[in-house]
Amino acid sequence: MSSKSNDQGRAFEYACIIGLKDRIADKRPVMVDEKSVIAARRAWETQSETEKQTYLRAADAFIDTLFSAEPLILECDGNDDLVVLSINKDSDAEGGDVRDIVITRKTIRWDIGLSMKHNHFAAKHSRLSAKIDFGKKWYGLPCDDSYWNIIKPIFARLQSLKEEKVAWHDMTDKEDSVYFPIVNAFIKEMNRAYKADSTIPARLISYLLGIRDFYKVVAIDKKQLTEFQSFNLRGELNKDGKKTKATLIIPKADLPTEIISLRFKPESKSTAELYLNNGWSLSFRIHNASTIVEPSLKFDIQFLGVPANIITVNCRLEIGRAHV
């Protein structure tokens with residue numbers, strides 16, 4: 001992700017903090033964990049006024065939907081505890097918590113999280129190299145020697161090209177000599193792992209979606225909407241209050257238990273498509289993330305399909321409505 005895209009993403013997070021604080025403050029005490037939002041505020045301050053208004057409107061669009069799914073945010077039930085808004089550290093994601101914004105009520109030991117995205121839908125950007133054991137990292141089963149025997153010579157060549165300062169765009173054979181054999185090795189290795197351990201599908205989804213349930217919030221500027229999507233895999237979301245019931249019901253989604261197929265996307269040498277049972281499907285597009293050749297690549301991992309009981313609400317932006 002470019003520094004500009006990173007700043008836009010952080011600025012959107014800060015806009016959501018602003019929007020949530022303003023809307024919650026009308027109903028009950030709320031505070032922001034100021035230390036946690038320093039980086040997001042810094043990114044916010046680099047944006048133009050027009051961009052800020054766009055982010056604020058995108059944040060405002062989904063908040064009512066969130067409140068309808070999570071009545072504990074607003075309910076005043078005799079506990080005058082603060083609602084605390086915070087932004088997770090990057091290290092939390094590395095530890096398996098993919099939530100960006102966390103909303104907490106400490107007295108009742110309750111929290112929910114939001115994964116914020118600005119104009120993109122990628123689940124993860126996972127790196128591959130001659131040293132990264134994706135099998136061990138993603139689902140706990142180390143890659144086989146047959147995988148390493150294929151990919152190590154390819155990455156060794158990329159290291160040599162890096163030392164020569166060769167640019168990716170000058171490498172005319174990269175699809176045939178790099179992308180295709182690495183994706184093919186990835187496909188074979190994951191199929192091998194699944195034959196050895198039938199729990200691989202569920203572990204893979206848990207790696208991609210983290211150790212805590214969350215709502216994914218995607219601001220889509222061109223469409224003037226904010227997509228609100230539930231990932232309630234453990235039943236952590238959608239808790240009723242003592243007096244207030246959720247008006248938007250969020251079912252628990254089933255994890256996959258089978259790989260139906262894992263193969264190249266038709267007419268592609270750089271993208272694999274994975275089809276699982278229970279409604280899950282993903283794409284894995286390998287790409288370079290730099291100008292000069294380097295001995296590592298990234299997978300842009302996106303969901304092609306999710307179970308029907310993962311709820312998606314398209315929240316339209318209201319013209320002219322924003323915070324000052």
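The model is predicted. A search of the whole structure finds 20 aromatic pairs, one of which is the stacked pair of Trp138 and Phe284. Strand β3, residues 101–105, is mostly covered.

**Aromatic contacts**

- The rings of Trp138 and Phe284 lie 6.1 Å apart, centre to centre, with 15 degrees between their planes.
- Because Trp138 belongs to helix α5 (residues 134–139) and Phe284 to strand β10 (residues 281–287), their pair ties together parts that are 146 residues apart in sequence.
- Trp138 counts as buried, at 4% relative accessibility, and Phe284 is buried with a relative accessible area of 0%.
- Ring pairs link Trp138 and Phe284 into a cluster with Phe134, Tyr139, Tyr147, Trp148, Phe186, Tyr207 and Phe299.
- Tyr207, a member of that cluster, also has the charged end of Lys124 over its ring, 5.1 Å from the ring centre.

- In β3, 5 of the 5 residues are buried.
- In a regular strand, side chains alternate between the two faces of the sheet.
- Ile101, Ile103 and Arg105 are buried on one side of β3, and Val102 and Thr104 are buried on the other.
- Strand β2 (residues 83–87) runs antiparallel to β3 and is joined to it by 5 bridges; Val84 has Thr104 as its bridge partner in β3.
- Strand β4 (residues 110–118) also pairs with β3 in the antiparallel sense, over 5 bridges, and Ile112 in β4 is the bridge partner of Ile103.
- The hairpin of β3 and β4 has 4 residues between the strands, and in this hairpin Arg109 takes a positive phi near 50 degrees.

Terms used. Residues are numbered from 1 along each chain as its sequence is written. This is a predicted model: local features need pLDDT of at least 70, side-chain atom pairs count only at pLDDT 80 or more; totals for chains, interfaces and linings use all residues. Side-chain values use heavy atoms; hydrogens and water are left out. Rings of Phe, Tyr and Trp (its six-membered ring) pair if their centres lie within 6.5 Å; planes under 30 degrees apart count as stacked, over 60 as edge-to-face and the rest as tilted. Helices (H or I, at least four residues) and strands (E, at least two) are DSSP runs, numbered from the N terminus. Buried means under 20% relative accessible area, exposed over 50%, partly exposed in between (1.4 Å probe, protein chains only). A charge sits over a ring if NZ of Lys or CZ of Arg is within 6 Å of the ring centre and within 35 degrees of the ring normal. Two strands pair if DSSP finds at least two bridges between them.
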